[in-house]
Amino acid sequence: MSANKTNKRLSDIPFSVLDLSPIVAGGTPAESFRNTLDLARHVEKWGYNRYWLAEHHNMPFIASSATSVVIAHVAAGTSTIRVGSGGIMLPNHSPLVIAEHFGTLESLFPGRIDLGLGRAPGTDQRTAYALRRDIRSGGEDFPDQLDELRAYFDPSLASGPRHVRAIPGEGLTIPIWLLGSSGFSAQLAGQLGLPFAYASHFSPTNTVPAMELYRRSFQPSKVLEKPYAMVGVNVIAADTDEEAERLGTTLQQQFLNLIRGHEAPLQPPVDSMDGLWSEHEKQALQQQLGSSIFGSRETVKEKLQAFLNATQADEIMVVGHVFDHQARLRSYEIVADLMKS
């Protein structure tokens with residue numbers, strides 16, 4: 001990648017938001033949705049490019065399971081920011097249903113809807129069965145599902161006669177992104193000439209190899225003439241490094257609970273993680289959250305620029321799991337100042 005590096009600055013690229021409508025300890029999904037809309041309105045005002053919501057199921061700290069519905073909620077309460085999925089887990093659904101859902105969203109909010117697609121279940125195997133009633137597929141048929149979905153929007157892509165149509169959906173131009181945390185979706189996105197979003201916020205180790213694979217595999221299409229890659233990264237900014245590190249313990253506790261198989265709402269921050277994790281757990285979390293950036297304005301600026309230098313991302317999607325809503329708003333506001341300066 002070094003041969004192709006350019007001197008991109010933070011102000012040269014768009015910044016976006018990935019939200020899971022987090023449920024905090026003592027809170028409710030209704031409060032989460034109110035906070036999601038409030039955050040969306042603020043980041044729209046601050047100049048963020050898009051606002052994505054992620055599909056997960058059977059997780060007591062995530063409220064965005066009915067992703068299309070929450071997208072409609074956010075789009076209806078904002079006016080200019082793009083709103084979409086980061087992502088819809090396509091193996092959980094019929095491609096026709098997703099085409100109709102997003103055809104409806106695009107018809108209601110024209111020119112503002114993104115469809116980001118993943119091939120993971122976004123949940124455990126029992127919940128995947130409850131969703132699909134058939135878990136024989138582990139995502140291997142994702143390319144076929146993707147072809148079917150794209151043909152509902154653009155019948156010229158169909159390999160044969162079409163007897164079923166997506167209405168609304170057919171004829172609409174909805175940007176389709178492939179999401180991934182490995183090389184599979186990176187290569188597929190490149191081969192199809194689609195934009196690609198990489199989940200560095202929970203899989204940092206493979207970030208640069210996946211970006212290189214995407215760009216190396218890229219074939220121009222009527223969607224894109226050249227590669228376009230967005231990278232998700234955890235960023236928690238505060239007025240001081242110490243406060244940001246403290247706020248970041250909410251994210252660390254969340255991942256600690258995940259690796260222990262103990263899922264719980266987002267926990268309030270603590271002064272120190274010492275005594276909460278073992279040395280082995282600490283190392284595991286540091287690896288999984290290795291690209292995360294916690295700090296003051298200057299610290300975040302320096303680390304985000306280094307992240308941009310390494311990934312050469314065309315867009316950065318900020319993930320901010322902060323327990324207190326006002327502190328979460330402040331974090332995104334600080335990042336917004338960086339992208340303008």
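**Entry 1: P110**

I located P110 in the loop between helix 3 (95–108) and strand 4 (113–118). Helices (H or I, at least four residues) and strands (E, at least two) are DSSP runs, numbered from the N terminus. I was working on a predicted model, where local features need pLDDT of at least 70, side-chain atom pairs count only at pLDDT 80 or more, and totals for chains, interfaces and linings use all residues. Residues are numbered from 1 along each chain as its sequence is written, and side-chain values use heavy atoms, with hydrogens and water left out.

Is P110 buried or exposed? P110 counts as exposed because its relative accessibility is 60%; the cut-offs are under 20% relative accessible area for buried, over 50% for exposed and partly exposed in between (1.4 Å probe, protein chains only). I then checked P110 against Y51: C-alpha to C-alpha they are 15 Å apart in space, and 59 residues apart in sequence.

**Entry 2: strand 2**

Y51 took me to strand 2 (residues 50–53), which is covered on both faces. R50 and W52 are buried on one side, Y51 and L53 on the other. Strand 1 (residues 15–19) runs parallel to strand 2 and is joined to it by three bridges; strands pair if DSSP finds at least two bridges between them. I noted D19 opposite L53 of strand 2.

**Entry 3: helix 2**

In helix 2 (residues 67–77) I listed the buried residues as T67, S68, V70, I71, V74, A75 and G77. What covers them includes helix 1 (29–46), strand 2, strand 3 (82–89), helix 3 and strand 4, with contact meaning heavy atoms within 4.5 Å.

**Entry 4: helix 1 and helix 11**

The axes of helix 1 and helix 11 (residues 325–340) cross at roughly 20° and come within 10 Å. Axes are lines fitted to C-alpha atoms, for helices over the stretch in contact, and angles run from 0 to 180 degrees between N-to-C directions. The two helices are therefore roughly parallel (under 35 degrees; over 145 is roughly antiparallel, 65 to 115 roughly perpendicular, the rest oblique).

Which residues of helix 1 meet helix 11? I found N35, D38, L39, H42, V43 and W46 of helix 1 against H325, R328, L329, Y332, E333, A336, M339 and K340 of helix 11. By class, this contact has seven nonpolar, three polar and four charged residues. Ala, Val, Leu, Ile, Met, Phe, Trp, Tyr, Cys and Pro count as nonpolar, Asp, Glu, Lys and Arg as charged, and the others, Gly among them, as polar.
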